[in-house]
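Let's take a friendly look at charged side chains that pair up. Keep the picture at hand as you read.

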Amino acid sequence: MRHEKVMRKLPLFYLNELNPNEIIKIEEHLKKCSVCEEELLSLEGLFKKMEEHEVPAFNSFAFERVKRLVAEKMQRRDIEAKEKIKMRLIVLVSLFSFSVGVLLPVLIFNIFSPVVSWEIFESFPRFVAIWWGVFCLLSLLTGAIVFKIKQTFLREVRNGT
Amino acid sequence: MRMREDADGLRVRRIRDGDFHAAEELMEKYRESLFNFIFRMMFNYHAAEDIFQETWLRVIEKIDRYNPRYPFNFWLFRIARNLCLDSIRKYKRRSMRQIFLASKTAEVPNESGLEKEKLKAILTRTSPKIREVIILRYFQQYDLAEISIILGAPIGTIKSRLNRGIGMMRKIWHEGRQNET
């Protein structure tokens, strides 16, 4: 292996990141070349110095603070998760009641009617039509209000207020 | 390795179920190695402290996104690394040297202190992407395949960054020694 190539590969050789063939070739070269040998020794010296460079220990008070923040975050996460499930249920129920409110009369009247048609609504008694309309609107409105309240609540939980 | 993965995987599952003790165990386990990594990336105690805290909060926030196919520590270091890079980018206008000096309040370095500063200078003069590879390989003892997963880069790229980084460090080290003599 050429001298320049060995010099280039010395860092990976030092970290044992070369394949066995390359390692053998470099070892052979090192036996003959004092420059590369010296370079390897200097590399070793640099890494030893770097190892000696100590990292300050992480402050125990700061660590306790991190733990406390994590605990709070987990609590908020739990509440959020539960509220999200509730919110999804409410949305589902309101959508379901809306669909039932709209579709049920059509289904019922179509079962008894030989012709499948939306015109069936025209033959509705007025009070039934009003009752269904109010039911549908109320279910949607309730869903929307509850959704809004829950969203505000979740935002507050997220902000930790 | 497999044992560590399984134990951490179980802890992650417990965290998902809301068990704080599992989070505490993980925090204790990776306290030193994670802080060492962040400190060596940032060279500033307070910045490292903030990023350490942010890393764990991010872990809790995104715990559902953790992929159990990979060891937990890979994911943890990846989060920490991304936060470090974000922070370095944020402070790009202020040089890393300024950040470093800001942390050294009224501390007069002695002879070994100067040596330490020289070592820090060696690492600060390399780019963060090269620095992270050197720290993960040499100080955290991850192999190249593991580093490639943590950083999401091909092994070849990691290898070349490592070689280039050490080459640069060696050059800076030599320059410093020549200036001394």
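In this predicted model, E132(B) and R81(B) bring their side chains together in a salt bridge, with N and O 2.9 Å apart.

Now turn to another pair in chain B. D8(B) and K29(B) form a salt bridge. D8(B) belongs to helix α1 (residues 2-16) and K29(B) to helix α2 (residues 20-42), and these distant parts of the chain are linked across 21 residues. D8(B) is buried, at 1% relative accessibility, while K29(B) is partly exposed, at 34%.

Which residue of chain B does R77(A) meet in a salt bridge? The partner is D64(B). R77(A) lies in helix α4 (residues 60-112) of chain A, and D64(B) lies in the loop between α3 (45-61) and α4 (72-90) of chain B, so this pair joins two chains. R77(A) is buried, with a relative accessible area of 17%, whereas D64(B) is exposed at 55%.

| Salt bridge | N to O distance |
|---|---|
| E132(B) and R81(B) | 2.9 Å |
| D8(B) and K29(B) | 2.9 Å |
| R77(A) and D64(B) | 2.9 Å |

Over all chains, the whole structure holds 19 salt bridges.

Technical notes
Residues numbered from 1 in each chain as written. Chains lettered and ligands numbered in written order. Predicted model: local features only at pLDDT ≥ 70, side-chain atom pairs only at ≥ 80, totals over all residues. Heavy atoms only, no water. Salt bridge = Lys/Arg side-chain N within 4 Å of Asp/Glu carboxyl O. Helix = DSSP H or I, 4+ residues; strand = E, 2+ residues; numbered from the N terminus. Buried < 20%, exposed > 50% of the residue type's maximum accessible area, 1.4 Å probe, protein only.
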